[in-house]
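Have your viewer open as you read.

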Amino acid sequence: MGFQHGLSGLNASSRNLDVIGHNVANANTVGAKSSRAEFSDAYSTAIGTSGFTGLGVNVDEVTQQFSQGDLVSTSNPLDLAVNGSGFFRTTAPSGETTFTRNGQFQLNNDGYIVNSAGDQLTGYQVDPAGEVVPAAPSPLRISMADMEPSMTTELRAVLNLDTREEVPTAAFDVLDPRSYNAATSLDVFDEQGRNTTLAMYFTKTAPNEWDVYATADGAQIGAAPVGSLTFGTDGRIDEAATTMPFTITVPNASGPAIDVEADLSEVVQFGSAFGVNELSQDGFTTGRLSGFGIENDGQIVARYTNGETRSQGQIALANFANPQGLVAVGGNAWVETSQSGPPAVGAPQTASLGAIESGRLEQSNVDLTGELVNMILAQRSYQANAQTVKAQDQILQTIVNLR
């Protein structure tokens, strides 16, 4: 036994205590991953001998354990957690790409989603219609601009006309409810987002035959019906005898008329009271941003005061063939290396990538109880190796004292 054995044991135990201390210090750090010191024994052999002489212990590597930490709820929608595999991809102010499991994000004064270090969260951008464009990830930004209005081009109605109704005897008059059997209305919008109330009136003309009249802000559109409906014996639209869709030209006091394609192909005629199941159109007025949320697939969905929603981007996640090959650079961030392999970047919930949990954070995966037990064992190991140094010192002293 020589000093080398005890010294290697002291160094290894000291390194192990450093690793354990780092784990304990980060027990409450969001997204932190525990580390583990991995040891190997050291041997040597001399030429011409058959035995191996032990030289002590080496610390081969300090590896990080990328197991999932517990998820806790918060009240901040920009607190994000990855439930499953993958890392958030961020861009540092220096331009360096880093990867993290810490989802404590916020908006900066330019609307970019950043962490406390100012690193920008990256993902996929959207086109003007709000469709995600899966190109190269770039920093995500929440636009505070108003949503531009969209002119109505088509409407869809799903309703039931009561087949038991009698044919009105009076000519259609919007002011005479006895001249029609049922009515419904909705707002349509011009290209500047100004609304006009379009009402449709249904008048039975014969068994299975109905005329459709319309008004714009209470004024009748033309003297004739804007369309007609013919039903088959099964109570559904007879497509051969009915033109569908038909165009309603809605007068607009503030600008050009609005041509609306009315799709009433799902209107039915059954023996029950008139009822509207769905009445929709594809236009909307301008809207201000009222809030946003982040879906499990990473889409950032903005909500507007006009009742519309639109995607403003999609968070991208990255995964690695060998996460333990990543190099920690502090701030709960890692960078890729040749050992980790290149990142496989994609949308959440695709391939092996996990889901995004908004309003939740991933806690450290450090097992504090286990680390305290490991600390005791490492301390005992350090004390035992110190004893081997002490014993070698006593042997050396005995040899020196020989006469």
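Buried means under 20% relative accessible area, exposed over 50%, and partly exposed in between (1.4 Å probe, protein chains only). By that rule, 41% of the 403 residues of the chain count as buried. This is a predicted model, in which local features need pLDDT of at least 70, side-chain atom pairs count only at pLDDT 80 or more, and totals for chains, interfaces and linings use all residues. Residues are numbered from 1 along each chain as its sequence is written, and side-chain values use heavy atoms, with hydrogens and water left out.

The overall dimensions come next.

| Quantity | Value |
|---|---|
| Radius of gyration of the chain (over C-alpha atoms) | 36 Å |
| Box filled by the C-alpha atoms, along the principal axes | roughly 140 × 45 × 40 Å |

Now for the largest pocket. A pocket is an open set of points on a 1 Å grid over the protein atoms alone, where a 1.4 Å probe fits, with protein on both sides within 12 Å along at least five of seven lines; lining residues have an atom within 4 Å of a point. The largest pocket is lined by 15 residues, with V126, S143, Y304, R310 and Q312 nearest its centre.

Contact means heavy atoms within 4.5 Å; not counting residues up to four places away in sequence, N365 touches several residues, including A32, K33, Q65 and F66.

Methods:
Rg over C-alpha atoms; globule rule 2.2 N^0.38 Å.
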